[in-house]
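Here are my notes on the model you sent over.

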Amino acid sequence: MLTPNTTDWEIDNRVNMCSERIVLQKNHGNAFTNTDLDSILSSKNVDEILVCGLSTQHCLKFTCLGGVKNGFGVSILKNGHSNWAKNAAELVKKTENELTLMGVKIFELKNNQLQLKS
């Protein structure tokens, strides 16, 4: 687990963050569990989310499922997630297939444009 207010917890400076960013500390795989994420998004009239992350079959998957459960349209970015498992590619494909069955959309970045993966 990452410790807040330490170097390991900081967002990498290569991430281009907008001025209206909201940084949320989570303690569960699902970012909606025991956080204010649902109410924060709802208060800003957000109805669709794009999820990315390191652990495809854990945090990404469970946050996507939490988003679907809370009534958000949920999408992921192809190659916007991964993991450190020896069979990483297999786990990514399996998880993406499971998520699409749950209504999660997968987008790809082509020519600097998001396109729904067919």
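1. Start with the E2/E3 pair. This is a predicted model, and in it strand E2 (residues 73-82) runs parallel to strand E3 (residues 105-110), with 3 bridges joining the two. If you want a spot to look at, Ile 76 sits opposite Ile 106 in E3. To get from E2 to E3 the chain goes through helix H3 (residues 88-101), and the β-α-β crossover made this way is right-handed.

2. Strand E4 (residues 113-116) is antiparallel to E3, and 4 bridges join them. Lys 110 has Gln 113 in E4 as its bridge partner. The hairpin of E3 and E4 leaves 2 residues between the strands, and Asn 111 has a positive phi there, near 55°.

3. Now the overall layout. The protein chain has 3 helices and 4 strands, and in sequence order they read α-β-α-β-α-β-β. The radius of gyration is 15 Å, close to the 13 Å that the globule rule gives for 118 residues, so the protein chain is as compact as a globular protein of that length. The C-alpha trace spans about 35 × 35 × 30 Å along its principal axes.

4. Some numbers on packing and surface. Of the 118 residues in the protein chain, 27% are buried. Taking contacts with a separation of 6 or more, 57% are between residues 24 or more positions apart.

5. Where does Thr 56 sit, and is Thr 56 buried or exposed? Thr 56 is in helix H2, and it counts as buried because its relative accessibility is 0%. Setting aside neighbours within four places in sequence, the contacts of Thr 56 include His 81, Ser 82 and Asn 83. Also among them are Leu 91, Val 92 and Thr 95, as well as Lys 61.

6. Leu 65 is another residue of helix H2 (residues 56-69). With 25% relative accessibility, Leu 65 counts as partly exposed. Not counting residues up to four places away in sequence, Leu 65 touches Leu 99 and Met 102. Leu 109 is a separate matter: Leu 65 and Leu 109 are 44 residues apart in sequence, and their C-alpha atoms are 23 Å apart in space.

7. Last, the cysteines. How many disulfides does a search of the whole structure find? The search comes back with 0. A disulfide is a covalent bond between the sulfur atoms of two cysteines, and the cut-off used here is a pair of sulfur atoms within 2.5 Å. For Cys 18, the closest cysteine sulfur is in Cys 52, 13 Å away, so that pair is too far for a bond. Cys 59 has its closest cysteine sulfur in Cys 64, and because that distance is 11 Å, this pair is too far for a bond as well.

Notes. Residues numbered from 1 in each chain as written. Predicted model: local features only at pLDDT ≥ 70, side-chain atom pairs only at ≥ 80, totals over all residues. Heavy atoms only, no water. Pairing = 2+ DSSP bridges. Right-handed = clockwise from strand over helix to strand, strands pointing away. Rg over C-alpha atoms; globule rule 2.2 N^0.38 Å. Buried < 20%, exposed > 50% of the residue type's maximum accessible area, 1.4 Å probe, protein only. Contact = heavy atoms within 4.5 Å.
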